[in-house]
Amino acid sequence: MTRSSGFGFATRQLHAGADSADPHRPRATPIHLSAGFVFDDFDEAHARFAGSADGFSYTRVSNPTNAAAERRIADLESGAGALLVGSGQAAVAVTLLSLVSAGDHILASPSIYEGTRELLRDDLSRLGVHTSFVSELNDLAAWEAGIRPETRALFAESIANPKNELLDIAGVAAIARRHGIPLIVDNTLATPYLLRPIEHGADVVVHSASKFLAGHGTVLGGVIVDGGRFPWDAQATRYPQLAVDRGADGLTRVERSGAGAFLEQARHVAMRYGPTPSPFNAFLILQGIETLSLRVQRQSATALRLAQWLESHPAVASVDYSGLSSSPQRRLAEHYLPRGHGAVLSVTVHGGRDAARAFTDALGLFTRMTHLGDTRSLVLHPASTTHVLRGETELAAAGIGQGLLRLSIGLEDPEDLIADLDQALTVASEAEILTRAGVR
């Protein structure tokens, strides 16, 4: 089944990318737990390594189970192809390392996952790759002004973690296209059920498949999806690794793979750096994808209900969720998220860190852990965990106060979640009163 099949999303999340050529005709995708694969003869081994014949050689390069997951996710994201890697962080790293060299520049959103921000700011900078961050997420003039002659990629999240800010994908994509630079969008929080960035002009999409795609909180995985439309050959001086450098066969990646040139480069980078996903993880991700639309639809509906309830609670200072009529993201949400607004929201309680601590510790149904997209509801305090390395000035600039909590909404009954939040907010209110009274 291909993306032009005409089937709906729910049908494709069950059937897309299935391998009908397997002689055993299994209904579920088999788990090919094998480090390598047998060659029929000397010449086939050579052809597999030279890339002149299809087939599998070594799981670090590709694996039938992983390939099935790649085909399905590419279909759901309206992409030309995909590459499965060991984690969402690996997906970001492999994508960027496929495009940049020492001396190059990346322009990024100010609202991204903190691990990605540190990768850009600290780790890539040691390799001579510099990153700057636009001051406002959807200030298109700032994106335009931030592009330099050495810029090789624009990077943003469709729904930002943790404050639920929504990217104007088409607006930023138009700027990227005008300058001949690819736009890379992390679509983890939105999922392809709610939003497909490639359809709005993005060139490459990445996911932490550990989150909503898998959905059950048991595995790690990441995926890179290529839209297959970026004209790498027209930007050969910027991306010589794709359109100038020639392999042993005398061809560039563009000449060899055409629209698949970027994924060939990414697969080469992943093969060398080695973030290989287990076929067992790929199988579990496929299992999760089969119920993706059902889960995300339910989680989004519950998240909206909880956001509306929280917004009216006297212990709550503010709620960040694009589905709220009061949200500054509402106009963009109506355009980009007609199916729902996602399962992640932020709530800021009165009373700062003391109240946030009391609230978190009082929760009984929400799980305290650093994860999201699970079937179970989760809570995390960013200022003391994911963003702990930022100073108060940086936290304030990012809108992450000491009273802010990130909630990832699961599949529990909404009434039970509200009851848990209500009793925890009562405890937080008591903590705030004690703080104001100088008892703490």
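The legends below describe close-up views of cavities and backbone features in a predicted model.

Residues are numbered from 1 along each chain as its sequence is written, and side-chain values use heavy atoms, with hydrogens and water left out. Because the model is predicted, local features need pLDDT of at least 70 and side-chain atom pairs count only at pLDDT 80 or more, whereas totals for chains, interfaces and linings use all residues.

Figure 1. The structure holds three cavities of 30 Å³ or more, a cavity being a set of points, on a 1 Å grid over the protein atoms alone, where a 1.4 Å probe fits but cannot get out. The largest cavity has a volume of about 110 Å³, volume being the space filled by probe spheres set on the points, which are joined across faces, edges and corners. Its lining, meaning residues with an atom within 4 Å of a point, comprises 17 residues, and Arg60, Val61, Leu83, Leu84 and Pro277 lie nearest the centre of the cavity. Helix H3 (64-76), strand S1 (81-85) and helix H11 (261-273) are the elements that give two or more residues to this lining; helices (H or I, at least four residues) and strands (E, at least two) are DSSP runs, numbered from the N terminus. By class, the lining of the largest cavity divides into eight nonpolar, six polar and three charged residues, where Ala, Val, Leu, Ile, Met, Phe, Trp, Tyr, Cys and Pro count as nonpolar, Asp, Glu, Lys and Arg as charged, and the others, Gly among them, as polar.

Figure 2. Asn161 and Pro162 are joined by a cis peptide bond with omega of about 15°, and Pro162 is found in the loop between strand S4 (151-157) and helix H7 (169-179).

Figure 3. Most residues other than glycine have a negative phi, and most peptide bonds are trans. Ser78, found in the loop between H3 and S1, has a positive phi near 60°, and Ser78 is buried at a relative accessible area of 13% (buried means under 20% relative accessible area, exposed over 50%, partly exposed in between, with a 1.4 Å probe and protein chains only). Asn164, in the loop between S4 and H7, likewise has a positive phi, near 65°, and Asn164 counts as buried at 3% relative accessibility.

Terms used:
On a 1 Å grid over the protein atoms alone, a cavity is a set of points where a 1.4 Å probe fits but cannot get out, and a pocket is an open set with protein on both sides within 12 Å along at least five of seven lines; lining residues have an atom within 4 Å of a point.
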